[in-house]
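Please keep the sequence and the 3D view at hand as you read.

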Amino acid sequence: MQIISGKYAWLWLIALCAAVLGFASTLDPALVAEKGHYGMLALVPALATLVICFATRNVIFALFMGVVLGGMVTGQFNIVQSFLIPSLGTTRFAEILLVYLWALGGLIGVWNRNGGAYAFAQHISEKHVKSRRSALFFTWIMGVIFHQGGTISTVLTGTTVRPVADREKVAHEELAYVVDSTASPVATIIPFNVWPVYVAGLIVLPSMSHFIADRDAAITLFLKAIPFNFYGWLAVTFTLLYALDKLPWVGKTMRAARTRAQETGELDSPDAKPMMSRELADRNVPEGYTPSVIDFFVPIVILLGVSIIPYFVSGRLMVFEAFGLALVGSMMSSIIRGMKVSDVFEGLIDGIKGVTVGAIILGLAVTLAKVSETVGASAFVIEYSTAFFNAAPYVLPGILMIICMLVSFSVGSSWGTYAVVFPIALPLAYAISPDPTFVTLCFGAIMGGAVFGDQCSPISDTTILSSLACGSDLMDHVFTQLPLALSAAAIAITLYTAGALFLTG
């Protein structure tokens, strides 16, 4: 629900733009060049993006306005020539777009057409799911296997496991929790997906060139930070323990949902308004084509094989090649097994269409990172906060995680949060302590904090789609999983503070 709407939203935006133009006109260009930032105005693009996200719940509009305001601050009003083309016309962004929009989206579309993922889930469930516990554990396994994160994991996992979970009387709130908590959190600790590529595009910054020289170095930092992504590990572990009935504390609301389903067989609360998932559950398999687990295993084996083997042999993570070959393998497998070429390509196009909005967000996020670099946001933050954090550097990772939790919960997007926070926070962390372990610890805190909001916010696409795919009431899902997620976050913040105290003390 929007906080600001209609004519009042436009009045506030017009007033903001006028104020920015007014302050920008008073700046001394020589002083700006000397300091390397635009003073308080350096924070305007990033902060305005967050405020507009809070007010309108529209991430695309907020990111675009952040870019527009960056043009006003710098006097470069032609944002297409000054920011969009330089950002979107780079080889790095083209690679990201190729993986996310074409390869990943296309692979999901072909899977939807050949029914491979569903066939795999049905094959496993028929042999191994015999109880409520095994149904939840099966859901957890599916979430780990479909480790691409976000909407992809929630839709694939939720729609494939719901029939067997319903059969074993698993409450829809429980199912939605396991599906949601094994979406984005898993994607940040299993790196064979598009997340390292996206984050690398945000942190290859001129101000960090001495620490992160290029895209490969940025991806390497992502991999090194995986052990320090405490929230990601805790969220996935909590979910596993819950699935196995080994979690000692599950919260009052979740316990009530579990008891209700076990004692009455009611999978939703009496006043619930379950979100319909029929559209998501429908598979578009052509008439005459028989889905097989082969359609699932061929691209998965190619994806993991091309990603993992070269990494252990040469240290190179071949994400782009892996996704491209996985898509080709999935298409060829379908054609060899009898699907018409036209049907395969229709699935490919449908999949690409399905992630177009994500690609737009990605493009604007990369552009906003360039804007923040141009206005000197990180330089300004470093100049005015170094004294405080130098006195107590051990609080920085925990504070970064809390900030990311609040931001991502408010805007419902981990990627949008990364776009705003990384270009400012990472240079700050390096300025406070150039110790690579300390910077990596801060990196992990940002990753985990943003994922918390992505998992828990009622306006997050993964939260909404988890409820939708599992047939749960949205707010019932939010209220039952929030105590568990907050517990994991509290432990993670404590670990970050203790780890930073050890490194800096």
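## A loop, a helix and their surroundings

Asp-245 sits in the loop between H14 and H15, where helices are DSSP runs of H or I with at least four residues, strands are runs of E with at least two, and both are numbered from the N terminus. This is a predicted model, in which local features need pLDDT of at least 70 and side-chain atom pairs count only at pLDDT 80 or more, while totals for chains, interfaces and linings use all residues. Residues are numbered from 1 along each chain as its sequence is written, and side-chain values use heavy atoms, with hydrogens and water left out.

The phi of Asp-245 is near 60 degrees, a positive value in a residue other than glycine. Most residues other than glycine have a negative phi. Asp-245 is partly exposed because its relative accessible area is 33%; buried means under 20%, exposed over 50%, and partly exposed in between, with a 1.4 Å probe and protein chains only. Lys-169, in the loop between helix H9 (150-167) and H10, also has a positive phi near 60 degrees without being a glycine. With a relative accessibility of 45%, Lys-169 counts as partly exposed.

Follow the chain on into H15, which covers residues 252-264. Its 13 residues reach 18 Å from first C-alpha to last, close to the 18 Å expected at 1.5 Å a residue; the expected span is 1.5 Å times one less than the number of residues. Which residues of H15 are buried? They are Met-254, Ala-257, Arg-258, Arg-260 and Ala-261. Seen down the axis of H15, these buried residues fall within an arc of 160 degrees, so they line one face of the helix; the arc is that of the directions from the helix axis to the C-beta atoms. On the other side of H15, Lys-252, Glu-263 and Thr-264 are exposed. The cover over the buried residues includes helix H8 (132-145), helix H10 (172-181), helix H14 (230-243) and helix H26 (474-504). After H15 comes Gly-265, with a positive phi near 80 degrees.

## Stepping back

The protein has 26 helices and zero strands. Of its 505 residues, 58% are buried. Among contacts between residues at least 6 apart in sequence, 80% join residues at least 24 apart, a contact being heavy atoms within 4.5 Å.

Now zoom in on Thr-49, in helix H3 (residues 44-56). Thr-49 counts as buried because its relative accessibility is 1%. Its side chain reaches the backbone oxygen of Pro-45 at 2.6 Å. Beyond residues up to four places away in sequence, Thr-49 touches Val-44, Ala-62, Leu-63, Gly-66, Leu-368 and Val-420.

Phe-83, in helix H5 (residues 79-88), is buried as well, because its relative accessible area is 1%. Leaving aside neighbours within four places in sequence, the contacts of Phe-83 include Val-67, Gly-70, Thr-367 and Val-371.

How accessible is Asn-114, in helix H6 (residues 91-114)? Asn-114 counts as buried because its relative accessibility is 0%. A polar atom of its side chain lies 2.8 Å from the backbone nitrogen of Gly-116, and a polar contact of 3.0 Å joins the side chains of Asn-114 and Ser-334. A polar contact is a pair of N or O atoms within 3.5 Å; within protein, one must be able to donate a hydrogen and the other to accept it, and residues adjacent in sequence count only if both atoms are side-chain atoms. Gly-116 is itself one of the buried residues of H7, a helix spanning residues 116-128.

## Two helices side by side

Finally, look at helix H24 (residues 436-456) and H26, which pack at about 170 degrees with their axes 11 Å apart. That makes H24 roughly antiparallel to H26, a label for angles over 145 degrees, while those under 35 count as roughly parallel, 65 to 115 as roughly perpendicular and the rest as oblique. Axes are lines fitted to C-alpha atoms, for helices over the stretch in contact, and angles run from 0 to 180 degrees between N-to-C directions. Residues of H24 including Phe-438, Leu-441 and Phe-452 meet a set in H26 that includes Leu-482, Leu-486 and Tyr-496.
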